[in-house]
Amino acid sequence: MTSPPPIPLGDPLTSVDRMLALLEENFPAVHQLPPEEVRQIIRSRAVPVSNLDDVATTQDVTLPEGPALRVYHPQGQAADAPAILYFHGGGWMFCGIDSHDGFCRRVGRETGAVVVSVDYRLAPEHRFPAALNDGFGALEWLAGSDLGIDPARITVMGDSAGGNLAAALCLMARDRGGPAIAGQVLLYPVLAPDFETEGYRRFGTRHYNTTVAMRHYWRNYLGGDELPDPPDLAAPLWAASHAGLPPAIIVVPGRDPTCSEAESYAAALRGAGVAVRLRSYPDMFHGFMTLLAFDPAEGARRLLWSDMAKLLATKGQSR
């Protein structure tokens, strides 16, 4: 869903319309193929990471009875550095720490934070709440780790389905009394299986991330069409309460079927007294922020780094 095939960019100023057309033409029909076949297609089309020096070192860690993690230490890491727990997109079914390796390196370079990318279990083999439980285990490990971080400055971050996990993790940590989360950064998050929104009506076809694909992702993540009761941790938009959640940065591309739910989530957080920075990009599409070679997204990324610098200075409070 957010790890497209390599695109022949040519001119670095490839237009948004051209990029969207290439994605529409080349991305596999996820709802028509077995999950492992789609995963293999995505792996085979991966672009080699070209920004290895964005961070000083990386280390791969596997938690006992938990997920694999990749830890990125920034150049010149400060004592008591902030930390970012990152969740990749891919419809809860695809991608992993390798598909988002280049983006996580860039996040580390631009923020000075220690970035920990979570290789959570994938659906349909591992349905809700397996991925979220992996995320909570990673959060607990990070808060008690010896990585040289400030445990009061842990931010969760994710794109697409990873944004869902990051948002749900904030609810879980709040309701369990910690570990403290200082902020949430959500890039075009998937927040509720409502396919009747304005976003789905306008952009559910011909925009590469389609209504058909999104129904497929949700069905495989949940194991059917029914949400758990209560729905909070699967569909954070429909949580009973959003009070007491950490401040948020939410990035919303306009040409994306999930744009309405992201905007509704920002409104719900604000209504609960949570500080929100909503950045809307009307001409952009789902997945645009993690395409590092896509120059038209560079301005949005620079603004994100600026917003995150302010957020990462915030200390979380256990609840």
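**The mixed sheet and its packed helices**

In strand β5, the bridge partner of A83 is I154. Strands and helices are DSSP runs, of type E with at least two residues for strands and of type H or I with at least four residues for helices, numbered from the N terminus. Two strands are taken to pair if DSSP finds at least two bridges between them. The model described here is predicted: local features need pLDDT of at least 70, side-chain atom pairs count only at pLDDT 80 or more, and totals for chains, interfaces and linings use all residues. Residues are numbered from 1 along each chain as its sequence is written, and side-chain values use heavy atoms, with hydrogens and water left out.

The sheet as a whole is open and consists of eight strands in the order β1-β2-β4-β3-β5-β6-β7-β8, with mixed pairing. Its edge strands are β1 (55-62) and β8 (276-285), each of which pairs on one side only. From one strand to the next, the twist averages 20 degrees. Angles here run from 0 to 180 degrees between N-to-C directions, and axes are lines fitted to C-alpha atoms, for helices over the stretch in contact.

Strands β1 and β2 run antiparallel and are joined by seven bridges, and T58 has Y72 in β2 as its bridge partner. The hairpin of β1 and β2 has five residues between the strands, and E65 takes a positive phi near 55 degrees there. Strand β2 also pairs with β4, in the antiparallel sense and over five bridges; in this pairing L69 stands opposite V118 in β4. Strands β3 and β4, in turn, run parallel and are joined by five bridges. Residue A83 stands opposite V114 in β4. Five of the six residues of β4 are buried, so this strand is largely enclosed by the rest of the structure. Buried means under 20% relative accessible area, exposed means over 50%, and partly exposed lies in between (1.4 Å probe, protein chains only).

Residue L147 lies in the loop between α4 (130-143) and β5. L147 is buried, with a relative accessible area of 9%. Apart from residues up to four places away in sequence, L147 touches Q59, V71, H73, Q77, V114, V116, W141 and L142, where contact means heavy atoms within 4.5 Å. L147 and P82 are 65 residues apart in sequence, and their C-alpha atoms are 10 Å apart in space.

Several helices were examined in relation to the sheet and to each other. Helix α3 lies across β1, β2 (68-74), β3, β4 (114-119), β5 and β6 (183-187), and runs at about 35 degrees to β2. Helix α5 (residues 161-176) packs on the sheet as well, touching β3, β5 and β6, and its direction makes about 140 degrees with that of β5.

Two packed helices are described by the angle between their axes and the distance between the axes. The axes of α3 and helix α9 (residues 298-312) come within 10 Å and cross at roughly 65 degrees. This crossing of α3 and α9 is right-handed, the near helix being turned clockwise from the far one by less than a right angle (anticlockwise for left-handed). At the contact, F103, R106, V107, E110 and T111 in α3 meet W305, M308 and L312 in α9. The residues of this contact divide into five nonpolar, one polar and two charged. Nonpolar covers Ala, Val, Leu, Ile, Met, Phe, Trp, Tyr, Cys and Pro, charged covers Asp, Glu, Lys and Arg, and polar covers the others, Gly among them.

Residue R109 lies in helix α3 (residues 101-111). At 43% relative accessibility, R109 counts as partly exposed. Residues up to four places away in sequence not being counted, R109 touches D54 and V55.

In helix α2 (residues 35-44), the residues P35, V38, R39, I41 and I42 are buried. Seen down the axis of α2, these buried residues fall within an arc of 160 degrees, so they line one face of the helix; the arc is that of the directions from the helix axis to the C-beta atoms.
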